[in-house]
Amino acid sequence: LINRLLEPDSGDVFVEGAPTRAWEPIRLRRRIGYVLQDVGLFPHMTVAGNIGVVPRLEGWSEERVSARVEELLDLIGLDRKTFAARWPDELSGGQRQRVGVARALAVDPPILLMDEPFGALDPITRVELHQEFARIQARVRKTVVLVTHDMREAFALATRVGVLDAGQLIAWDTPEQLAASTD
């Protein structure tokens, strides 16, 4: 609904103060970064190519793309000299997920949609990436919509948690208030 792949049955979904129906769909989708469970890196592109794909689609100069790729590699904690020219299959799961976050942030979108972004990782890497994501979020300060089935993950990362049941929003509150609920 947020990226207008589906239209709401009723009511409106607002992005940056405008209903999603008022947005041109491609323009809306390019204002949103995506981080997926399986990351979805392009196997035929290097790490730098993957991070720079949307800026190139937006018509950025190669100098600007290169500078942004270096900035984001620094942000996600991957050495630019070591990782920029690597291929996705040369990365660990945690490294691929970091590159996915960098790609999602490449054009500095105001919103990130994250669909089970840590679900395929082992428990130790998952906890490490939760900490890394919290550090990155504190620096970039984005609106993040994180979909997860793991309530511990939601409570660890969120400032507000929505609970869905059979397609209905049944709770929306802070992690502390939801944890204290007897329902």
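Asp115 stands opposite Val147 in β5. Strand β4 (residues 111–115) and β5 run parallel and are joined by five bridges; strands count as paired if DSSP finds at least two bridges between them. Helices (H or I, at least four residues) and strands (E, at least two) are DSSP runs, numbered from the N terminus.

The pairing belongs to an open sheet of three strands, parallel in its pairing, with the order β3-β4-β5. Its edge strands are β3 (32–36) and β5 (143–147), each pairing on one side only. From one strand to the next, the twist averages 15°.

## How to read the model

This is a predicted model, in which local features need pLDDT of at least 70 and side-chain atom pairs count only at pLDDT 80 or more, while totals for chains, interfaces and linings use all residues. Residues are numbered from 1 along each chain as its sequence is written, and side-chain values use heavy atoms, with hydrogens and water left out.

## Helix α6 and its partners

Helix α6 lies across β3 and β4, running at about 165° to β3. Axes here are lines fitted to C-alpha atoms, for helices over the stretch in contact, and angles run from 0 to 180 degrees between N-to-C directions. Helix α6 (residues 93–105) packs with helix α7 (residues 123–140) at an angle of about 20°, their axes 11 Å apart. That makes α6 roughly parallel to α7 (angles under 35 degrees count as roughly parallel, over 145 as roughly antiparallel, 65 to 115 as roughly perpendicular and the rest as oblique). Which residues make the contact? From α6 come Gly94, Gln97, Arg98 and Leu105, and from α7 come Thr125, Leu129, Glu132, Ile136 and Val140; contact means heavy atoms within 4.5 Å. These residues divide into four nonpolar, three polar and two charged. For these classes, Ala, Val, Leu, Ile, Met, Phe, Trp, Tyr, Cys and Pro count as nonpolar, Asp, Glu, Lys and Arg as charged, and the others, Gly among them, as polar.

Helix α4 (residues 62–76) is another partner: its axis and that of α6 come within 10 Å and cross at roughly 135°. That makes α4 oblique to α6. On the α4 side, the contact is made by Arg68, Leu72, Leu75 and Ile76, and on the α6 side by Arg98, Val99, Ala102 and Leu105. By class, the contact of α4 with α6 has six nonpolar, no polar and two charged residues.

## The β6–β7 hairpin

Strands β6 (residues 161–165) and β7 run antiparallel, with five bridges joining them. Asp165 stands opposite Gln168 in β7. Two residues lie between the strands of this hairpin, where Ala166 takes a positive phi near 50°. Strand β7 (residues 168–173) is hardly covered, as the count of buried residues among its six residues is zero. Buried means under 20% relative accessible area, exposed over 50%, and partly exposed in between (1.4 Å probe, protein chains only).

## Residues to look at in the loops

Asp108 sits in the loop between α6 and β4. Although Asp108 is not a glycine, it has a positive phi of about 60°. With a relative accessible area of 46%, Asp108 is partly exposed.

Arg4 is found in the segment before β1 (14–15), and its phi, near 65°, is a positive value in a residue other than glycine. Is Arg4 buried or exposed? Arg4 is buried, at a relative accessible area of 19%.
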